[in-house]
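I'd like to walk you through one structure, so let me put it up on the screen.

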Amino acid sequence: MASSYHGVIAADIIHLNVGGTRFSTSRQTLTWIPDSFFTSMLSGRISTLKDESGAIFIDRDPKLFATILSYLRSREIDFKGADIRALRHEAEFYGITPLVKRLILCEDLNHSSCGDVLFHGYLPPPCIPIQEPPPPLPQLPTALNLRNIICENMSPNAGNGVVTGSAGAPIPALVQPTGSGGAMSLNRNVIAAGVDGRSVEGARPGSIVRVSESPAPRGHSRNSSLEFRPTHARSSSDLHATLTARAVTLPHAPTFDGRHTRTSSADLNKLVRTDLGILSITQGTQWIDPLRVRIIKGHHNWIAVVYANFVTCYRMKDSSGWQLAFKSPHIEQTIERAALNAKVVMPNQSAENGQKMVAISYGCQIRLWSITEEGVRSDVGTFNLHVSVDYLFFIGSQLVALSHTGKVGVWHSMTQHWQTQDVVPIASFDTAGSFLLLGCNNGSIYYIDMQKFPLRMKDNDLLITELYKDSSNDVITAISVYLTPKTSMCGNWIEIAYGTSSGAVRVIVQHPETVGHGPQLFQTFTVHRSPVTKVMLSEKYLVSLCSEYNHVRAWGVTRFRGMISTQPGSTPLSSFKIVSLEDVEPNVSYAAGNDCGPYGEQDDEQVFIQKVIPETDQLYVRLSSTGKRVCVIKSVDGAPISAFCVHECDGSNRMGSRPRRYIFTGHTSGAVQMWDLTTALDLANKGEQSVQDGGPSPSEVFRLLELCDLSNSRCSTPSISPSPSVLR
């Protein structure tokens with residue numbers, strides 16, 4: 001009896017070796033939850049591997065397993081210091097269903113579809129506009145009236161399969177005799193090529209195309225493609241519109257399309273292109289999602305949301321909030337750039353009755369609309385820059401288009417005139433008041449005074465003046481202008497900071513008493529070893545950013561009576577990185593819709609927006625002066641963020657109202673989410689934001705890169721491609 005009793009007890013004891021750590025427990029403890037990993041293992045449905053002592057080996061984390069085993073023993077868990085996400089992952093592996101449900105609920109307690117205190121609003125995806133019909137074309141004969149046409153136009157040599165056209169020229173017959181009983185049959189060679197020799201792929205509406213032996217519907221208009229869209233849109237990214245970026249050829253993924261996604265693969269891309277034929281493919285073979293937000297622009301209380309083939313505008317009112325005010329017609333080409341001006345004064349109009357202007361560009365074409373307060377749209381015109389448009393923006397009432405090749409185009413609202421001029425190839429630009437400053441490849445800084453634009457024309461050319469010449473003749477890759485407030489004592493003191501291709505950052509100033517002599521070199525910094533891509537001079541700080549993983553250097557600026565002081569001028573403040581990875585094959589609008597900043601007025605606190613990977617639902621907001629983290633923006637519905645911008649909206653007419661800054665995030669689903677940046681900064685200044693300093697931690701970066709593989713990029717910032725696990 002005793003030996004039998006001890007034999008039963010010994011059989012019920014299970015010895016486990018989990019990741020090198022020994023555990024002993026009972027069979028009942030491991031198997032009280034049905035259909036788990038342990039029931040399958042102990043019943044023999046899963047093969048096991050034993051160590052030298054005979055314990056069953058499980059290659060998992062022993063620390064997490066200890067927590068799992070504690071739950072199996074007591075049905076309780078000590079959450080002190082526990083990683084709920086990692087614990088849920090282990091519970092899912094072991095099939096502990098009751099524990100998984102509880103952990104999911106615990107995770108949901110900290111996440112809501114209504115967002116946190118910073119979430120301000122949600123704009124649902126718009127309906128895709130109906131494509132405007134093309135101009136009518138001469139109708140070609142169809143299969144229903146071929147017999148009548150042939151009877152009327154058949155020439156005497158019809159027996160040879162030749163039909164004479166209206167001009168007497170023979171063309172291949174559309175209908176041929178079969179040779180028996182005078183029956184007629186379709187000439188499929190002619191139908192396949194079309195009457196004018198065009199292939200089926202190039203046929204226009206009304207053309208005669210091949211009639212399939214077993215017809216099957218393959219394609220339809222892109223406007224009805226919404227129901228066929230995948231749940232999550234494919235990723236799209238953009239080449240930076242700088243001269244240096246265009247000179248570099250990014251490597252292509254060797255075996256699959258480099259444009260990655262979280263939920264679909266390159267095979268799905270091919271499937272949609274081949275079998276559905278519902279989405280436009282205007283950039284090579286790229287799959288274009290019609291509802292993926294590509295660019296967001298803001299001005300006053302208006303925002304413009306740009307999609308692949310149309311643009312929408314929303315306006316904010318005190319009482320009704322954000323409302324859709326404008327939707328453009330369908331644009332056949334893919335939109336690459338956009339600009340918005342909510343206060344444009346047209347001829348014979350007062351400033352109070354100014355119209356809204358929306359401009360887009362695709363290739364070398366610029367299209368401009370005006371919008372009334374009621375949302376009535378009128379087409380101002382389509383203009384041609386004759387080269388690709390890299391920058392599109394408004395200065396006052398003037399629309400400006402720039403190309404890195406050195407082409408400048410300007411449309412003025414008062415004169416309704418569009419003119420272009422060639423200058424030196426442009427590498428950077430900045431605006432200040434009515435001034436447009438151009439940093440060029442020859443090391444010179446040029447400027448145009450837009451306020452005097454109608455008068456400052458010389459033989460129908462823009463009057464472009466050289467302001468400064470770099471002593472080393474380096475390419476001016478970044479530029480920032482700061483205008484001090486005008487006073488009766490000192491006049492207008494102009495300060496300019498610029499970065500070069502060699503990594504130097506220089507500050508030049510122009511005294512009121514030396515306006516005629518041009519700016520003078522004030523200070524030089526040589527802390528970067530890579531080309532400077534951004535520079536920002538504000539009231540309190542000088543911030544520069546280079547191309548090496550977006551390395552940032554910041555200095556504190558000392559001022560006396562609003563003007564930069566000669567002693568000490570500026571002092572080093574911080575050094576950090578805004579790492580932002582790009583796709584292997586980015587598209588043309590990614591940089592315009594995903595600019596990291598810095599954002600903010602020059603007399604206010606500025607921030608960087610860090611988007612670590614292209615396909616992510618998180619943004620890290622960081623101070624531009626110190627790099628400290630302000631907050632983390634996380635999509636309320638989990639949709640990846642495809643574009644974002646920071647914009648300050650005007651305060652309402654109510655007493656005590658002040659302008660507020662918002663972060664607008666556009667998503668692959670087509671929706672727009674809004675976040676209150678003013679509140680985030682206030683909480684950060686009060687120390688109420690319980691977040692760590694700096695950008696994402698190594699563990700956070702590692703989690704973001706779970707679905708991405710780093711490629712062998714030639715860029716200093718590596719590109720990413722789909723993880724193999726995503727493509728399975």
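**Around Glu495**

Let's begin with Glu495 and its neighbours: leaving aside residues up to four places away in sequence, Glu495 touches Ser480, Val481, Tyr482, Thr484, Ile508, Val509, Leu537, Arg559, Met563 and Ile564. Please keep in mind that this is a predicted model.

Where does Glu495 sit? You'll find Glu495 in strand S29, which covers residues 494–500. Is Glu495 buried or exposed? Its relative accessible area is 0%, so Glu495 counts as buried.

Two of those neighbours deserve a second look. The side chains of Glu495 and Arg559 are joined by a polar contact of 2.8 Å. The Glu495 side chain also reaches the backbone nitrogen of Ile564, at 3.1 Å.

Now over to a sheet. Here 4 strands form an open sheet in the order S22-S23-S24-S27, and the pairing is antiparallel. At the edges are strand S22 (426–432) and strand S27 (465–469), each pairing on one side only. From one strand to the next, the twist averages 25°. S22 and strand S23 (residues 435–440) run antiparallel and are joined by 6 bridges; Ser428 stands opposite Gly439 in S23.

Finally, a word on confidence. The protein chain has an average pLDDT of 75, with 67% of the residues scoring at least 70.

Note on methods
Residues are numbered from 1 along each chain as its sequence is written. This is a predicted model: local features need pLDDT of at least 70, side-chain atom pairs count only at pLDDT 80 or more; totals for chains, interfaces and linings use all residues. Side-chain values use heavy atoms; hydrogens and water are left out. pLDDT is the predictor's confidence in each residue, from 0 to 100. Helices (H or I, at least four residues) and strands (E, at least two) are DSSP runs, numbered from the N terminus. Buried means under 20% relative accessible area, exposed over 50%, partly exposed in between (1.4 Å probe, protein chains only). A polar contact is a pair of N or O atoms within 3.5 Å; within protein, one must be able to donate a hydrogen and the other to accept it, and residues adjacent in sequence count only if both atoms are side-chain atoms. Contact means heavy atoms within 4.5 Å. Two strands pair if DSSP finds at least two bridges between them. Axes are lines fitted to C-alpha atoms, for helices over the stretch in contact, and angles run from 0 to 180 degrees between N-to-C directions.
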